[in-house]
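Please consult the sequence and the structure as the answers proceed.

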Amino acid sequence: MIKNVTIGQYFPGDSFVHRLDPRTKLLATIALIAVVFVSTGFAGFAMIAAFVLLTALSTGVHLKFLFKGLKPIMFIIIFTFILNLLFQQTGGVLLQFWIIKITTGGLKMASFMAARLILLVVASQLLTLTTSPISLTDGLESLMRPASKIGFPAHEIAMMMSIALRFIPTLMDEADKIMKAQKARGANFETGNIIQRARAMIPLLVPLFVGAFRRADELALAMDARCYRGGAGRTRMNQLKYGARDLIAALAVAALFALVILANRFCPF
Amino acid sequence: MPIEIKHLTHVYMPGSPFEARALNDICLDIRDGEFIGIIGHTGSGKSTLISYFNGLERAKPGTVFVGGVDLGSKDTDLIAVRRTVGLVFQYPEYQLFEETVEKDIAFGPTNLGLPPEEIERRVVHAMQLVGLDPSRAKKSPFDLSGGQKRRVAIAGVLAMDPQILVLDEPAAGLDPAGRHEMLELIRDIHESGVTIVMVSHSMDDVGKYCDRLFVLSHGEVAYQGAPAEVFVHGEALNAIGLDVPECAKLAKRLRDAGFDIPMDAYRLEDVAGYIIDNIGKGRRGA
Ligand SMILES: Nc1ncnc2c1ncn2[C@@H]1O[C@H](COP(=O)(O)OP(=O)(O)O)[C@@H](O)[C@H]1O
Ligand SMILES: [Mg+2]
């Protein structure tokens, strides 16, 4: 049921990566995503994969969690793989029967695309596994701040995100409780056709929304009472500061970038 | 319909970094017609425990039997179990959703597939049991006061006509008058022949109303027995974040000072009676 969902899947820890500034991690993740697209061959991919795996190992996060993120997009990966395999017709023929013709070029292209997707997901997974949602939004706000000069509501967006992140587990909890309470009154959420199931959600959704509005009201009042008035002139308790380890991380990512570009140049695969 | 629980253990989110053992090897039994109190500090596992009473959670490891039916078995008809064991959650007023009080109370019996006349009869009866004025039947439950909403929610469970009624902190968040009314209401329901299991963290409340208590601490049954038997462990109860009723404390101090007050006196009326008996008699041996 709703149980066992960890939002943002943050895995608490105290490793080098955990203690990096969230801005560094955000930028590094963007750089990793970029380098995945820059790489034109499997040699580059192998380097990126080695980099991601080694980093993941150093964080103490179980590798199982790293690959969990692949599950929801497994279908897309397989679909892309098959499409490329069937419709890319270059190089020598590997296999041919009926209207299906599989070529070496097709196989290469299909594997390339699948590897690219997997690397993209796993690399961004590394960010969400090692960064708490709150420090992630802090980092985002800080990175978006220059844009607020041209009227972009950086602070407001970050505040909305952190409130949403803060309340998602609360709402899930509440949904779980209400569901149990209605089940205790004989409600049935599990069987029936689609219309019956949609109707069965009413006893869950009405109290959930009523509760969400009540909470929103209370929160707004509490923020008001503590003189919250948006981002202008607001200081923060935990200032984000770049340190030596952020420099090390930046250099490591830059080195990876350089290696991948060299691999593109000199390695035929 | 007795409830029998053996070696029940519950772990939240096993295998994750947030793993929490909420219940540990719980054994307990509840007999017909009893008024049971389950007490414990916040987080001691009370709410988790009661969600096993009507099969909202399936025991593993451990067994839960209600009236001889194994709730852990896949073949058990859970709707039948939920008809027998009514569960009123903490702050049940937050589960109301219908347009009118009447419709909300009818939700349970409707799910049981009862005929309309029977549903109608049960709604009227349940409203009467919880002391709701019939003129409120057509009102929106969202327009009622907190205490009234809670009565509607309890009526909604009573309309299932359960033989066992389990209430999680039914008096939480009510003012002293509302609290007293709520507890008296539960006593009335008990007297109408329903077995009651009341979860609470107030020793005063359970001491006043319950026949038998189970004291939970860190997911285990720390003490059990009649209130007098439990209140004997005054200091030990303090250590697990609970307090004995004020009257039991007074009785103990008088007893320690040499007055003749039996160990099982903890109710206001009893203790007052013994104090009156003692007046003029003086201390033992004095
Ligand atoms: N949905 C949940 N997920 C994880 N842990 C939970 C959940 N519900 C309760 N717990 C934990 O289980 C323990 C027992 O909780 P609970 O049964 O609600 O205690 P009580 O009702 O006595 O306050 C607590 O430590 C609590 O933090
Ligand atoms: Mg509780």
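**The interface of chain B and chain A**

Chain B and chain A bury about 2000 Å² between them, 65% of it on carbon and sulfur atoms; buried area is the accessible area (1.4 Å probe) that two parts lose on being put together, summed over both. This is a predicted model, in which local features need pLDDT of at least 70, side-chain atom pairs count only at pLDDT 80 or more, and totals for chains, interfaces and linings use all residues. Residues are numbered from 1 along each chain as its sequence is written, chains are lettered from A and ligands numbered from 1 in the order in which they are written, and side-chain values use heavy atoms, with hydrogens and water left out.

Reader: Which three residues supply more than any other three of the area that chain B buries against chain A?

Author: Their share is 25% of the area that chain B buries there. The three residues are Tyr94(B), Gln95(B) and Phe97(B).

Reader: Which charged end sits over the ring of Tyr94(B)?

Author: A charge sits over a ring if NZ of Lys or CZ of Arg is within 6 Å of the ring centre and within 35 degrees of the ring normal. At 3.9 Å from the centre of the Tyr94(B) ring, the charged end is that of Arg214(A).

Reader: Which residue of chain B meets Arg185(A) in a salt bridge?

Author: A salt bridge requires a side-chain nitrogen of Lys or Arg within 4 Å of a carboxyl oxygen of Asp or Glu. The count between the two chains is two salt bridges. In one of them, at 3.1 Å from N to O, the partner of Arg185(A) is Asp104(B).
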